[in-house]
Structure formats: structure tokens, C-alpha cells
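The exercises below ask you to read contacts, charge pairs and packing from a set of coordinates. Please work through each task before turning to its solution.

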Amino acid sequence: MTMLHELRTRAASRPAHIVLSEGHDPRIVAGALEAVRAGIARVTLIGPQADVEGLLADAGATPDDNITIQDPAHSDLTAKVAQSYYDLRKHKGIREDFAAEQARDPLVFAAMMVRNGHADGTVGGAVATTSDTVRAALQVIGKAKTAPLVSSFFLMALPENHPSGRAAMTFGDCGLVIDPDAEELAAIAVASAASHQQLLGETPKVALLSFSTMGSAKHPTVTKVTEATAILKAQHPTLDADGELQFDAAFVPDVGASKAPESSVAGHANVMIFPNLDAGNIGYKIAQRIGGCDAIGPVLQGLTKPANDLSRGCTAEDVTNMIAVTVLQANGND
């Protein structure tokens, strides 16, 4: 069973209600229908009623108990969303007319459905930018009290029968935090390890990546990674983590044994923590486009309830996979 098949199977064992903020996009509708057919989730599509119904009809489907439509321009929930948004943000000086306008924004409407308990999680970003998608999630759903920051990761599904023998890895942060300091980098590592365990059911081995391995080079950017590793080990001594490690030292057993012979992580890491967004974003796209990995993400972590961001280049299959991930996150919050 592939990692993606396993994700979907596990999600289908406890389906949840997921709201999709871009129901006017054919990829979203196709991905949602597949999620419903697979028993992964009940889905609400946000968008103009006629447009969404038209896309469903084109796919040979109609709204039912498992796939519903909410049009913020006419929904019975819109007034409640506006009031909730005003109550939530009035300390920022917003006016009620602005809250009413925001309630018609699909990203805000979807996030407020999750906040108010009308859905278990939300997915957007096939059309909207990451900044808009994340802003709505942060403002409406909010950061979890126990999380130092909100960050992101990608689940990287390796091609079948990969020479490494691995099925999947977690890459963080490849989509959100631009230049984390040492404490933030350590927090991203902790959150990514927990996400890896939750979603893949595999004990995390965390590598904090650099262009240096165990002191082979000196530079302030290397120092940041070594400081983050020290913080991580001090705060979470039972977590199997090490750094700084070059990617080959973290991934290839022979190279790890040569470059970092004392490390239990070197050569066996399944959670890769990149030093900044430049490295992370470039790294996951190389793995995806040249290495043939399936990339699911960016998946957000550190929120009170699940809200996830799709790539604007996503496919319908990506949408279904992200729905499955969001269902598993929702179940983990129970």
C-alpha cells in the first residue's frame, strides 16, 4: 500500500466535515467528489450557488448530504459569520460594515465555519495566494495556545520502490516562515516531528539541515542551525534529532556513517528541517520535479483547528490528498 493510499484509508476510517473555500474551481470540485466517493469526508463547497452547481452537474453530480454548497452572498450563515468576525476583530478597530463585507469573502467564511464548529477543517489556496489563505486562518481560527508559532510542512511521497527503501518524508518549513531564528527553527522541528508521527504513524528522526555537517564549515547561518539543535535537544531530550547535517549525510546511510558516525539520525532521517524558506521551497520542488516525489502541502501546523493551503498549481488528486490530511489533523485534535 502506498503512503497516499494509506493516508486516504486512515482518513476514511473516521471521516470529517471539510469546507473548501474555492468551490468555483473545477479542480476543487473534482477533488471533493473523489473524497466523498472514497468516504474520506463530507464536503461543503463555498462559492456562487449557480457556478458550483454547474461544475457539479458537469461532473455528473448534484448536492446531497455529503456534498453541500454555501454561497456567502445568500447563505443563512452569513449574518452569523459577520457578527462572529466583528466580535473577534473589533479590538482591532474594525467596523460592522467591514465585518459584513469580510463575511462574504470565501476564505473568511470557510475559516469561520471551522471556528464556529460548522466544519472540522478547511482547505484553500488553489486560486488564492498563500498569504491570503494563511491570513484568514490566523485571523479567524487562530494560533493554538501551546504553539510557539504557525509553520508549515510538506509530506513528500517518494516513488514506489525507491532505492532508499523509504515511502515518505516530511519537509519543513517549505511554505511559510521565511527566515526563522534558532528558537523558531527548533519549534518548527518539534511541530514537524509531531505532524510526521500523527499523519504517517512513524517514529520521527529529525535532521536540521545546513551546507555543513558537524562543524565542517563555519558561518552565521550554520551557527543558527547548531543553536537550534541545542535548543531542541535541551527542550525535547527524547526526540531523536541531530544537526547540523547536509542533506546527503541526513539521507544516505553510507554518507551519514562517514560524515557523522556518532549520530543516530545521520543517514536515517525522515523529517528534514530546512534553515530558511529559500532552501525549503527550492528543496521540495527539486524533489518533486526531478526526484518524482508527490508533494502534499503546504500543510499548516500550530493552528487551533486545521486549515490548509494548496499550491496554485495543484491537481484534483492533490485536493483529495489534502482533504485526507486535513481529516487526519481534525481527528488528532479530538
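**Exercise 1.** Leaving aside its neighbours within four places in sequence, with which residues is aspartate 309 in contact?

*Solution.* A word on the source comes first: this is a predicted model, in which local features need pLDDT of at least 70 and side-chain atom pairs count only at pLDDT 80 or more, while totals for chains, interfaces and linings use all residues. Residues are numbered from 1 along each chain as its sequence is written, and side-chain values use heavy atoms, with hydrogens and water left out.

Step 1: list the contacts, taking contact to mean heavy atoms within 4.5 Å. Once the neighbours within four places are set aside, aspartate 309 is in contact with Gly124, Gly125, Thr130, Thr133, Gly297, Pro298 and Met322.

Step 2: look for a polar contact, that is, a pair of N or O atoms within 3.5 Å, where within protein one must be able to donate a hydrogen and the other to accept it, and where residues adjacent in sequence count only if both atoms are side-chain atoms. The side chains of aspartate 309 and threonine 130 make such a contact at 2.6 Å.

Step 3: check the charge, counting Lys and Arg as positive and Asp and Glu as negative, with His and the chain ends not counted. Aspartate 309 is buried yet has no salt bridge, and the nearest side chain of opposite charge, that of arginine 312, is 7.5 Å away. Here buried means under 20% relative accessible area, exposed over 50% and partly exposed in between (1.4 Å probe, protein chains only), and a salt bridge is a side-chain nitrogen of Lys or Arg within 4 Å of a carboxyl oxygen of Asp or Glu.

**Exercise 2.** Find the nearest side chain of opposite charge to aspartate 173, and identify backbone nitrogens that its side chain reaches.

*Solution.* Step 1: aspartate 173 is found in the loop between strand 6 (168-172) and helix 8.

Step 1: this aspartate is buried and has no salt bridge, the nearest side chain of opposite charge being lysine 224, 11 Å away.

Step 2: the side chain of aspartate 173 reaches the backbone nitrogen of glycine 175 at 2.9 Å, and a polar atom of that side chain lies 3.0 Å from the backbone nitrogen of leucine 176.

Step 3: beyond four places in sequence, the contacts of aspartate 173 are Ser151, Ser152, Ile188, Phe274, Asn276, Leu277 and Gly280.

**Exercise 3.** How many salt bridges does the structure hold, and which parts of the chain does the pair of glutamate 34 and arginine 8 tie together?

*Solution.* Step 1: the structure holds 8 salt bridges.

Step 1: in one of them, glutamate 34 pairs with arginine 8, the closest N and O atoms being 3.9 Å apart. Because glutamate 34 lies in helix 2 (residues 26-37) and arginine 8 in helix 1 (residues 3-13), the pair ties together parts that are 26 residues apart in sequence. Glutamate 34 counts as partly exposed, at 31% relative accessibility, whereas arginine 8 is buried, with a relative accessible area of 18%.

Step 2: aspartate 240 forms a salt bridge with lysine 205, with the closest N and O atoms 2.5 Å apart. This pair links distant parts of the chain, 35 residues apart: aspartate 240 is in the loop between helix 9 (220-235) and strand 8 (241-245), and lysine 205 is in the loop between helix 8 (182-200) and strand 7 (206-209).

Step 3: lysine 233 and aspartate 242 meet in a salt bridge at 3.1 Å, N to O; lysine 233 counts as partly exposed at 39% relative accessibility, and aspartate 242 as buried at 10%.

**Exercise 4.** Which residues have the most contacts inside the largest nonpolar core?

*Solution.* Step 1: define a nonpolar core as a set of buried Ala, Val, Leu, Ile, Met, Phe, Trp, Tyr and Cys residues joined through side-chain atoms within 4.5 Å.

Step 1: the largest such core has 42 residues, and those with the most contacts inside it are Leu20, Leu45, Leu56, Leu155 and Ile323. Helix 13 (residues 316-332) gives the most to this core, with 7 residues.

Step 2: apart from this core lies another, of 27 residues, among them Ala82, Ile94, Val108 and Val140.

Notes:
Helix = DSSP H or I, 4+ residues; strand = E, 2+ residues; numbered from the N terminus.
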